[in-house]
Amino acid sequence: MRLVELSGLAPLPLVGRVTGNMDDPAPQIYPTALLDTEVELLVRAHMCFVLSCSMEGIHMIQVMVKGRVKEYVRAGEFRLLVRLVTAMQNYHEMEYVFDILVKYDRFELLLRRPGRGGGNSGVAHGLKVALHSYLMRRITKLQAAQEATQSPLLNTPTSPQKGNPMQSLQDKLELMFLRFSMHREIGDTLLKKGTTLVEKIALILQQNQEKRNFLANST
């Protein structure tokens with residue numbers, strides 16, 4: 001709180017002491033403890049700027065975070081990305097974190113944060129809304145592309161994911177429904193799956209009947 005009282009930009013030098021030695025563009029492996037410290041300083045600096053209503057400070061922290069993301073990914077510290085996005089709660093500006101977690105198949109880390117169950121707290125509700133909106137937009141975009149090409153969309157060879165990206169996103173959406181106890185959405189999903197299955201069975205039965213009728217008429 002004292003940082004806020006002194007100046008809206010006071011936390012920057014403190015963060016800079018940690019991040020200042022990490023600006024070397026050459027790939028490096030930093031100790032986990034150092035990365036942990038850096039992230040916690042970024043989170044607390046962001047909190048100070050929010051409390052002091054410093055839009056300039058908030059923007060500067062967002063820029064600093066975006067510039068450090070590659071290092072966390074290179075170190076395999078995806079938990080730090082989750083820490084940043086859930087602590088800063090600027091989900092729209094930090095949607096690139098969701099993209100990274102999906103790309104590297106670490107999306108479930110967002111659903112393992114303590115205190116997220118039930119979706120009762122304001123933080124959990126915000127995360128739930130952001131994840132639901134994000135996944136639905138990606139699914140809608142894939143559906144539009146699939147309809148345009150009239151063919152299933154498969155992942156590119158360079159993607160860390162395997163299989164069908166549409167099914168992968170739908171699985172993540174269902175997992176999110178379960179994690180946040182979104183019972184209505186779970187029911188809608190089960191109903192849609194059941195309806196689709198019944199339609200497929202009905203189509204198969206119809207095709208089989210048509211084949212039998214054709215063979216009967218042929219003889």
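The side chain of Glu95 meets that of Arg137 in a salt bridge of 2.5 Å, N to O, where a salt bridge is a side-chain nitrogen of Lys or Arg within 4 Å of a carboxyl oxygen of Asp or Glu. This pair links distant parts of the chain, with Glu95 in helix H6 (residues 95–103) and Arg137 in helix H7 (residues 122–149), 42 residues apart. Arg137 is partly exposed, with a relative accessible area of 41%.

The side chains of Asp99 and Arg138 also meet in a salt bridge, at 3.8 Å, N to O. Because Asp99 lies in helix H6 and Arg138 in helix H7, the pair ties together parts that are 39 residues apart in sequence. Asp99 is partly exposed at 35% relative accessibility, and Arg138 is partly exposed at 30%.

## Basis of the model

This is a predicted model, in which local features need pLDDT of at least 70 and side-chain atom pairs count only at pLDDT 80 or more, while totals for chains, interfaces and linings use all residues. Residues are numbered from 1 along each chain as its sequence is written, and side-chain values use heavy atoms, with hydrogens and water left out.

## Overall architecture

The chain has nine helices and zero strands, these being DSSP runs numbered from the N terminus (helices H or I, at least four residues; strands E, at least two). Of its 219 residues, 34% count as buried.

## A salt bridge within H4

By the salt-bridge rule the count comes to eleven. One of them joins the side chains of Arg74 and Glu71 (2.7 Å, N to O), which both lie in helix H4 (residues 55–74), three residues apart, about one turn of the helix. Arg74 counts as partly exposed at 39% relative accessibility, whereas Glu71 counts as buried at 9%.

## Helices H8 and H9

The axes of helix H8 (residues 165–179) and H9 come within 9 Å and cross at roughly 140 degrees; axes are lines fitted to C-alpha atoms, for helices over the stretch in contact, and angles run from 0 to 180 degrees between N-to-C directions. H8 and H9 are therefore oblique to each other, since angles under 35 degrees count as roughly parallel, over 145 as roughly antiparallel, 65 to 115 as roughly perpendicular and the rest as oblique.

How values were computed: Buried means under 20% relative accessible area, exposed over 50%, partly exposed in between (1.4 Å probe, protein chains only).
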